[in-house]
Amino acid sequence: MKDEDFDQLMNTWADDASESAPAMRPSADMVRMVEAMQLRQPAPWFQVSWVRYSTAFASLVVIVFLLWSNLIGSPGQTPIGLREGVASVSDLVLAEGTEVRKSDIFEELMFQYQKENSRVVNGVDLRSSLPETISLSSGDNYRLFLETSGEHHVYVFQLTSSEDLVTIYPNESFSDTPNPLIQGYEYYLPDEPKWMYLPDNTGLESLYVIASKAPIPVLDGLIYGGEESSDGSNRESPLDKLMASIQAIEDGIFESAETWLFVFNRED
Amino acid sequence: MSQDLQHLPNDREVYVCGDEQLMEELKQGNTGALDELYWRYARKLHGFCANMTFSRSSMDPQDLVQEVFLRVVKAAQSFDAKKASFRTWMFRIARNHCIDAMRRNDRIRFIPIGKRSERSDGELNYLEEETVIDSDQNVERLAIRENVVNAVHDCISKLTNEDERQAIIMYYMGCKVYREIGLVLGKSTSMAKTRVMMAQEKVRKCLETKGIDHFPSEMSTDHDTIRM
């Protein structure tokens with residue numbers, strides 16, 4: 001097929017996708033938000049400071065609210081199990097990814113797993129993309145291996161297939177090491193010789209790794225908020241709050257911060 | 001407020017400035033700038049989100065577009081034209097939002113855009129398009145066009161490499177700059193280009209297996225199909 005014909009076919013598809021869209025207008029809430037920006041315009045000389053102060057104030061408000069709402073469940077209720085495994089680093093098999101996404105924060109950022117009854121440790125560089133999703137069963141173990149390029153604050157959350165949001169780090173149940181992580185040291189999550197495993201539900205598991213040169217108050221608030229209130233009426237879910245935090249980081253509200261996502265499958 | 005307004009015959013006020021200037025206007029509270037950005041990008045985003053989410057029946061692209069724009073408005077003050085163009089920034093927000101939406105979606109269903117389908121429980125798929133056919137409409141040309149659109153959509157959905165799929169969707173949905181695609185995907189420019197080209201090759205071969213090896217001459221006419 002000629003390139004020109006192919007492009008015309010693709011453009012026909014793209015035009016159809018756009019043309020089939022209904023007419024849309026900004027919602028009333030959106031318009032009110034923009035109008036409110038007009039009312040809040042500070043003097044030009046104050047604008048830079050305003051961004052910083054408002055970010056700090058907003059973070060403080062979120063921390064207070066999250067502490068009050070008891071966001072994340074206690075480690076004792078986690079659906080993620082811990083057990084000792086064989087840490088045979090000399091038998092590490094690193095999966096070949098197709099691309100390494102550069103990180104200013106991590107020298108190493110690896111998902112390691114060990115299949116049941118195997119001494120081989122398999123590794124996946126989170127900074128590369130794999131053609132297939134890793135699948136683990138209840139008898140397999142997994143952990144994270146990290147090494148930072150400097151002194152950095154790291155946060156690790158796992159969203160399980162049963163929609164439980166679990167703090168992996170910092171969490172004393174998984175690691176005795178506090179934030180920040182220091183350059184020149186190799187860190188395993190959980191601490192050696194423990195490994196994580198998933199005893200129950202099957203489905204997709206998501207590991208969120210967030211790192212920053214400075215502490216992220218919103219995430220500290222998520223972690224140290226205590227047990228989630230049993231009354232969930234009219235409350236934004238923990239996942240929504242975490243997603244909002246990650247989005248804020250990716251939108252550049254928190255400088256020198258990175259987010260990484262690794263998804264793997266828990267199968268029978 | 002910007003003075004860069006022109007009035008079109010249909011009385012829609014048009015900003016003749018760039019997207020980045022519109023964002024500056026929006027930051028100042030100019031709701032007209034928001035309307036203009038909606039006019040420019042809502043439909044493109046609709047197609048982008050619909051294809052990103054494989055047209056899953058539980059995810060309305062219209063809702064996704066509204067949610068993306070809501071995030072754009074909320075994060076408007078953090079937008080910096082020196083770091084990235086508005087289009088790159090917005091598509092990055094859209095891509096991440098669509099991925100999050102898919103992550104929270106329990107069921108995966110493929111429903112071609114423009115098709116009406118009925119689930120076993122009787123609920124109709126919302127992806128219904130209404131077509132107004134004028135007196136000069138060529139029914140056969142419509143059928144050929146629909147066949148082409150469905151074939152391309154099917155071939156793209158069969159791309160197993162998620163980066164390739166997202167790259168080709170972005171390329172043809174109005175972001176034909178490899179550097180921008182790379183920024184949205186978090187890849188280098190060269191890798192973005194590689195992804196697009198590999199996806200193009202796979203889609204091309206897929207189309208050829210479906211018997212589509214050229215652009216149908218019947219579709220090369222001056223008649224317009226009015227879609228609502």
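Of the 228 residues in chain B, 51% count as buried. Keep in mind as you read that this is a predicted model. Chain B is built from 8 helices and 4 strands. If you follow chain B along its sequence, these elements come in the order β-β-α-α-α-α-β-α-α-α-α-β.

Now turn to chain A. This chain has 5 helices and 12 strands. Of its 268 residues, 45% count as buried. For contacts in chain A with a separation of 6 or more, residues 24 or more positions apart account for 79%.

Let us look at where the two chains meet. On one side, 65 residues of chain B take part, and they are in contact with 53 residues of chain A. The size of an interface is often given as the accessible area lost when the parts come together. For chain B and chain A, the buried area is about 5400 Å². Carbon and sulfur atoms give 60% of that area.

What about charged partners across this interface? The rule finds 3 salt bridges between chain B and chain A. You can find one salt bridge where the side chains of Asp16(A) and Arg145(B) meet, with 3.8 Å from N to O. There are also polar contacts to count: 7 residue pairs between chain B and chain A, with both residues at pLDDT 80 or more.

Which parts of chain B each supply at least two residues of the side that touches chain A? They are the helices α1 (19–27), α2 (31–52), α3 (61–74), α4 (86–104), α5 (139–157), α6 (162–172) and α8 (189–209). The largest share of this side, 10 residues, comes from α2(B). By residue type, the side of chain B that touches chain A divides into 29 nonpolar, 17 polar and 19 charged residues.

Two residues let you explore this meeting of chains in more detail. Begin with Val203(B), which has its place in helix α8 of chain B. Is Val203(B) buried or exposed? Its relative accessibility is 0%, and the cut-off for buried is under 20%, so Val203(B) counts as buried. Leaving aside neighbours within four places in sequence, Val203(B) is in contact with Phe6(A) and Met10(A) from chain A, and with Cys155(B), Ile156(B), Leu159(B) and Ile168(B) from chain B.

From chain A, take Gln247(A), found in helix α5 (residues 238–250). Gln247(A) has a relative accessible area of 7%, so this residue is buried. Which residues does Gln247(A) touch, leaving aside its neighbours within four places in sequence? The contacts are with Arg71(B), Ile93(B) and Asn96(B). Within chain A, Gln247(A) and Thr259(A) are 12 residues apart in sequence and 9.3 Å apart in space, C-alpha to C-alpha.

Next, let us visit the aromatic rings. Over all chains, the count comes to 16 aromatic pairs. In one of them, the rings of Phe111(A) and Phe262(A) have centres 4.5 Å apart and planes at 35°, so the pair is tilted. Phe111(A) lies in strand β3 (residues 106–114) and Phe262(A) in strand β12 (residues 257–266), so the pair ties together parts of chain A that are 151 residues apart in sequence. Phe111(A) is buried at 0% relative accessibility, and Phe262(A) is buried at 8%. Another pair is formed by Tyr185(A) and Tyr187(A): their ring centres are 6.4 Å apart and their planes at 40°, so this pair is tilted. Tyr187(A) counts as buried, with 11% relative accessibility.

Our last stop is a loop. Asn171(A) has its place between β8 (165–169) and β9 (187–189) of chain A. With 11% relative accessibility, Asn171(A) counts as buried. Along the chain, Asn171(A) and Val156(A) are 15 residues apart, and 9.3 Å separates their C-alpha atoms.

Terms used. Residues numbered from 1 in each chain as written. Chains lettered and ligands numbered in written order. Predicted model: local features only at pLDDT ≥ 70, side-chain atom pairs only at ≥ 80, totals over all residues. Heavy atoms only, no water. Contact = heavy atoms within 4.5 Å. Buried area = accessible area lost by both parts, 1.4 Å probe. Salt bridge = Lys/Arg side-chain N within 4 Å of Asp/Glu carboxyl O. Polar contact = N/O pair within 3.5 Å; in protein donor to acceptor, adjacent residues only side chain to side chain. Nonpolar A, V, L, I, M, F, W, Y, C, P; charged D, E, K, R; others polar. Phe/Tyr/Trp six-rings, centres within 6.5 Å; stacked < 30°, edge-to-face > 60°. Buried < 20%, exposed > 50% of the residue type's maximum accessible area, 1.4 Å probe, protein only.
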